[in-house]
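Open the model in your viewer and keep the selection tool at hand.

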Amino acid sequence: MTETVPFTPLDEAVLHLEEELEPWNVQIEVGSATSLDAERLYDAVEAAAAAHPLARARLRDYGALDDEYVWEIPDEPDTVPLKRTEAADTEALAALRTQFYSPRVELRESPPFRVALARGGGIDGGDRLMVCGSHVAMDGVGTLRLARSVCQAYRGDPVDEDPVGLAESRAVLAESGPSSLAEAGTRLAEGLGRLPDALDEPTRVAVDGGTDESGWGFVHRELDDDLVATVVGNRPDRVSVNDCFLAALHLAIDGWNADHGEERDRISLMMPVNARQPEWFYETVGMYAPFVSIDTKPRHRTSPGAAVERVVGQTSRHKRHDGAGWVTDALGPLSSSLPVGIKRLVPGLLGATQYRFVDSAVVSNLGRAPELPALGGDDDATDLWFSPPSMMPLGVGFGVATLDGHVRLVTRYSQQQFDRDAAQRFTDRYLDRLGATVP
């Protein structure tokens, strides 16, 4: 029989956001310097979906009086969603990315992801594996885990299944409540602290060259060795690499808006947090990424040091008190007590508040990814690229992934936010500010 599991509050939240705004799809790409066999890759995608329950899930039909959304998990996916296309030059690859990642993943069909084989779009004329995962079903780490499984299966290696069962892994979110009255008070304060945002709308990144077209564009950059050495090696011990990426984007938005004559008061960045247990931090396909907001006011951006200090103060507090827990605290009762017909009114609340709870931009850092099997064998070159979804009015997002010491950055931007030239200039400004965050 088909297994079923209810949506978590996080699954529901992303489903509602996607319905109100734009598709929330995660980008993972693995480049190869060799030509890949399409039939072999087809079989590898099928094997990867078979190894992870939520990688073959579909949304069960629901009625207005049902009290929950439910994932159905068939024994095998309905289809193997592999697209094969030529992308042998920069323009063709850029167009493919927009076409491939922009449409919504249909959740009523299994699986909740799709894959593309980009011929000639890899390293030095090799091919590229592109994975687009619905963020309702999987976060960045989960989509990376899926891509690793595809790589394993393609090479003929055993595919590592999720190290914990689905019920156990999803219980981590349900059981992440406060462990003491003090922590409960802190997390309540975190949630209540979001309420003034309705009166203090975050700064919007100034539009430059944007059009009425929907969909995303992408800028891919590998950080040079000197910049990596500066950010990784020269920062103070209490400052994380992720703190530097956050502070740099605050400074970049501030300068960008100043140049465009736009408002630059409260800048607020969405920061996903990986809620997996340490022992399976990079495992398990699913959505385990609640989020926090990291903000600055103009007084915090008078210098790179001041911006870093403000960011560190917030990220340190979130780490001590599980600041991302406010999401589950707030959404849990709503998720469990209302019929679907009422829940489906929730997306309209965002529009009613003029999206005042939607941040200025997003930074998502996968950190140091585990070893990624090279598709073409041990002598093959490999690269890894990642980006989180962004959507208007949150029109730009940055994804960071580190593999084998190489730090790669993707700027994902709404085509209503930037044209390609503006996106490249904004990325240049961001990387310049990143270097300035470390004295």
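**Strands**

Select strand S9 (residues 267-272) and strand S11 (residues 361-368): they run parallel and are joined by 2 bridges. Strands here are DSSP E runs of at least two residues, and helices are H or I runs of at least four, numbered from the N terminus; two strands pair if DSSP finds at least two bridges between them. Across this pairing, Met270 stands opposite Val362 in S11.

Ser364 stands opposite Gly399 in S13.

The model is predicted: local features need pLDDT of at least 70 and side-chain atom pairs 80 or more, while totals for chains, interfaces and linings use all residues. Numbering starts from 1 along each chain as its sequence is written, and side-chain values use heavy atoms, without hydrogens and water.

**Helix H4**

Select residues 140-154, helix H4. Of its 15 residues, 15 are buried (under 20% relative accessible area, 1.4 Å probe, protein chains only). At its start, a side-chain oxygen of Asp139 comes to within 3.4 Å of the backbone nitrogen of Val141. Just after H4, Gly156 has a positive phi of about 85 degrees.

**Cysteines**

Cys132 counts as buried because its relative accessibility is 0%; Cys244 also does, at 1%.

**Confidence**

Colour by pLDDT, the predictor's confidence in each residue from 0 to 100. The protein's mean is 88, and 86% of its residues reach 70 or more. Residues 177-181 fall below 50. Where pLDDT is low, the predicted coordinates should not be read in detail.

How values were computed:
Buried means under 20% relative accessible area, exposed over 50%, partly exposed in between (1.4 Å probe, protein chains only). The expected span of a helix is 1.5 Å times one less than its number of residues. A polar contact is a pair of N or O atoms within 3.5 Å; within protein, one must be able to donate a hydrogen and the other to accept it, and residues adjacent in sequence count only if both atoms are side-chain atoms. Contact means heavy atoms within 4.5 Å.
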